[in-house]
Amino acid sequence: MKTDIIKILKCPLCGGKPLKLEAVVGLYDEYRDGALLCGTCNYSFPLHEGIADFLAEPSPEILEEQKASSREARIKTEDGSEFFINPETIEKFSKLFLSLPKGDGSYFFKEGGSFQNFSEGSHRFFDLFDSWNIKPGMKVLELGAGFCWASREFAKRGCEVVAVDITDYLKVADLYLKNGLYFERIYADMDKLPFEKDSFDLIFAAATIHHSSDLDKTFKELNRVLKKNGKIILLNECFIGIFEKPQQHAADFGYNDHYYPIWQWQKVVKESGFSKVKVTFLSFLKDYIARKESRGLKAGLKLKLAKAIIGVPLIDKLLSIVLIPHRIFFRPRSILIEATK
Ligand SMILES: [Zn+2]
């Protein structure tokens, strides 16, 4: 943690500010270990390995999710050995983490590999990134930053980034800090963010907000910390078709995934004070191709046809439009939500 961020921090328990930093500078020219003290309620938020922990009095859902991730998340090697995500594992597999989300083409990113989800979905982020008008100096908050690969991309563009998560996956960021790229990391509840109002130009989240059990509360909080005309960009959230049965897969592992229909997302975002809400149905053909290619399967007729269609963007777009009702009612697939305050 560097001192610049203190300007926008406030106590998530009582709203008190400024917080007093009691720590010493260590690695990577940042404060690594110590505490942030709230002068109003006297709570001391620990700072450990550069990450301030604002998860004081975490909700039962957060505790459950932290337990699930420490229980379920691990790296499996080809010979069947398993490594839980911890600093040693991060160091041992640093090359893999640094290559996220696309991957390095190794076993881990292919069918059945621990990082398959990342490589399969990575095209969505990179296809869209340039269209978001990212400029140096922009203040970006990433929620559910996990292994921090998106925060890394924003930081590479010169943005001032704060990566927030509830798991210690944030420690992966040390791999970037080591290479001279800096961004802040913070443990916090997205419903009780430790930031002043009007702090950020952009909030980005990939597959995060659907963990909220109260979308209304979450979006009001996002709206609060966002500057006027600031944007939220949500990618890879979970949706459910109006006539679709809820998929319980992830919830079975205690991850608190909630599948909301598209209309509910739109309604809540609008009612939380955002002026414009845009829902984009992303090309399911691109997803299909990425999925097949990352699995290294032989190109069959369907894959060739899909590639021929996306070669003609107009047809791809028309096909996407024609299938919107099907996606609203039965199977939404990947959708982008953007909203402006
Ligand atoms: Zn306080």
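This is a predicted model: local features need pLDDT of at least 70, side-chain atom pairs count only at pLDDT 80 or more; totals for chains, interfaces and linings use all residues.
Colleague: How many positive and negative side chains does the protein chain have, then?

Modeller: The protein chain carries 49 positive and 46 negative side chains. The centres of these two sets are 7 Å apart.

Colleague: And what is the radius of gyration of the protein chain?

Modeller: The radius of gyration is 20 Å. A compact globule with 341 residues would have a value near 20 Å, so the protein chain agrees with that expectation. Along the principal axes, the C-alpha atoms fill a box of roughly 65 × 50 × 40 Å.

Colleague: How many helices and strands are there?

Modeller: The protein chain contains 12 helices and 13 strands.

Colleague: What percentage of the residues count as buried?

Modeller: Of the 341 residues, 50% count as buried. As for the accessible surface, it comes to about 16,400 Å², and 55% of that belongs to carbon and sulfur atoms.

Colleague: Let us turn to the strands. In which sense do S1 and S2 pair?

Modeller: Strand S1 (residues 19-25) and strand S2 (residues 31-38) pair in the antiparallel sense, over seven bridges. Within this pairing, Glu22 stands opposite Ala35 in S2. The two strands form a hairpin with five residues between them, and Tyr28 in the turn has a positive phi of about 55°.

Colleague: Which residue in S3 is the bridge partner of Ala35?

Modeller: That partner is Pro46. S2 and strand S3 (residues 44-48) pair in the antiparallel sense over four bridges. They form a hairpin with five residues between them, where Asn42 in the turn has a positive phi of about 65°.

Colleague: Which way do the residues of S9 point?

Modeller: In strand S9 (residues 184-187), Glu184 and Ile186 point one way, whereas Arg185 and Tyr187 point the other way. All four are buried.

Colleague: New topic: is Arg124 buried or exposed?

Modeller: Arg124 has 19% relative accessibility. The cut-off for buried is under 20%, so Arg124 counts as buried. Arg124 is found in helix H4 (residues 116-129).

Colleague: What does Arg124 touch?

Modeller: Leaving aside residues up to four places away in sequence, Arg124 touches Leu235, Asn236, Leu282, Asp287 and Ser334.

Colleague: Where is Thr208, and what does Thr208 touch?

Modeller: Thr208 lies in the loop between strand S10 (200-206) and helix H7 (215-225). With 8% relative accessibility, Thr208 counts as buried. Again leaving aside residues up to four places away in sequence, Thr208 touches Leu143, Gly144, Met190 and Glu237.

Colleague: And Glu88: buried or exposed?

Modeller: Glu88, in helix H2 (residues 87-92), has a relative accessible area of 56% and is therefore exposed.

Colleague: How far apart are Glu88 and Ile337?

Modeller: Glu88 and Ile337 are 249 residues apart in sequence, and their C-alpha atoms are 36 Å apart in space.

Colleague: Last one: what share of contacts join residues at least 24 apart?

Modeller: Among contacts between residues at least 6 apart in sequence, 63% join residues at least 24 apart.

Conventions
Residues are numbered from 1 along each chain as its sequence is written. Side-chain values use heavy atoms; hydrogens and water are left out. The radius of gyration is taken over C-alpha atoms; the globule rule is 2.2 Å times the number of residues to the power 0.38. Buried means under 20% relative accessible area, exposed over 50%, partly exposed in between (1.4 Å probe, protein chains only). Contact means heavy atoms within 4.5 Å. Accessible areas come from the Shrake-Rupley method with a 1.4 Å probe; for residues, only the protein chains shown count as cover. Lys and Arg count as positive and Asp and Glu as negative; His and the chain ends are not counted. The place of a charge is taken as NZ of Lys, CZ of Arg, CG of Asp or CD of Glu. Two strands pair if DSSP finds at least two bridges between them.
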